[in-house]
Amino acid sequence: MTEFRLSMPNLAARKRDGERLVMLTCYDALFAGLLDAAGVDLLLVGDSLNEVLAGRSSTLSATLDQMIYHGASVVRGTSRVPVVVDLPFLSYQVSVVEAIRNAGRVLAETGCQAVKLEGGRTMAPTVEALVARGIPVIGHLGLTPQHINRFGGYRVQGRSVPDGDRLLEDALALEAAGASAVVLELVPRQLAARITTALGIPTIGIGAGSACDGQVLVLHDMLGLNEGFNPTFLRRYAELGPAVRDAVSRYADEVRRGDFPGDQHGFD
Ligand code: KIV
């Protein structure tokens, strides 16, 4: 492992240098190697894996063991890119002590460089405690999927002036607590710009406009593997859904016709 991989990069310095951060979700070693080679700045083992891989309707039932299994797989598949692992629902909200124990397990058992957690001022003491114990933290504000039952749907957050002010205060509290960066999800672009200007640490947007210091997307969405999912904020960079269906139906046809395997695919 290189020295670079042993530490979380200084993201605030990257912001000062005007570098925009490229983050993608990743859940397995094979994709991790491809994304590392493509030069992504940060990989996020998001608890969205509970929806994307496990077919659940929310992130709420993702477990710590699930996150550790996928986090370790992603770290094993990479040699350069820093890896951030989401702390799942109820692994950090019950008490600061539990948060330290669980985040510490994630860091130690996966070899990742940071954890991500949802929430603002309420979570600031937890962020401070984790950072003080050597566990770098990325915050997550706006539409925080672990609060979906409070929001009642995947809606843009912070549209009113008081709500926007509260989000800004949350972001400042996370920065003061020592967070390395803040993900802003489904936030109006002007509010995201205001928060980005106010913070010394980078904001990483998803559905938060172009003023953020970086962007994150769910890999399977941007590769077109999740065909029914077409939110406003998504741009697809490939159409792998149709490509997979086409490849599988050609394979099925060839097996059924007896064209595969051919002579060259066997052994003497
Ligand atoms: O779990 C996840 O994939 C996330 C991103 C959408 C930011 O938190």
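In this predicted model, an oxygen atom of the ligand lies 3.1 Å from an N or O atom in the side chain of D47.

| Side chain | Distance from its N or O atom to a ligand oxygen atom |
|---|---|
| D47 | 3.1 Å |

The site of the ligand is the second largest pocket.

Around the ligand stand T25, L44, G46, D47, S48, D86, K116, H140, V183 and I206. By class, this shell comprises three nonpolar, four polar and three charged residues.

The cysteines form a separate topic. A disulfide is a covalent bond between the sulfur atoms of two cysteines. With sulfur atoms required to lie within 2.5 Å of each other, the count of disulfides in the model is zero. C112 accordingly takes part in no disulfide, and the nearest cysteine sulfur, which belongs to C26, is 13 Å away.

Are C112 and C212 buried or exposed? C112 counts as buried because its relative accessibility is 6%, and a residue is buried when that value is under 20%. C212 is likewise buried, since its relative accessible area is 1%.

Technical notes
Residues numbered from 1 in each chain as written. Predicted model: local features only at pLDDT ≥ 70, side-chain atom pairs only at ≥ 80, totals over all residues. Heavy atoms only, no water. Near = heavy atom within 4 Å. Polar contact = N/O pair within 3.5 Å; in protein donor to acceptor, adjacent residues only side chain to side chain. 1 Å grid on protein atoms, 1.4 Å probe; cavity = no way out; pocket = protein on both sides within 12 Å on 5 of 7 lines; lining within 4 Å. Sits in = over half its atoms within 2 Å of the grid points. Nonpolar A, V, L, I, M, F, W, Y, C, P; charged D, E, K, R; others polar. Buried < 20%, exposed > 50% of the residue type's maximum accessible area, 1.4 Å probe, protein only.
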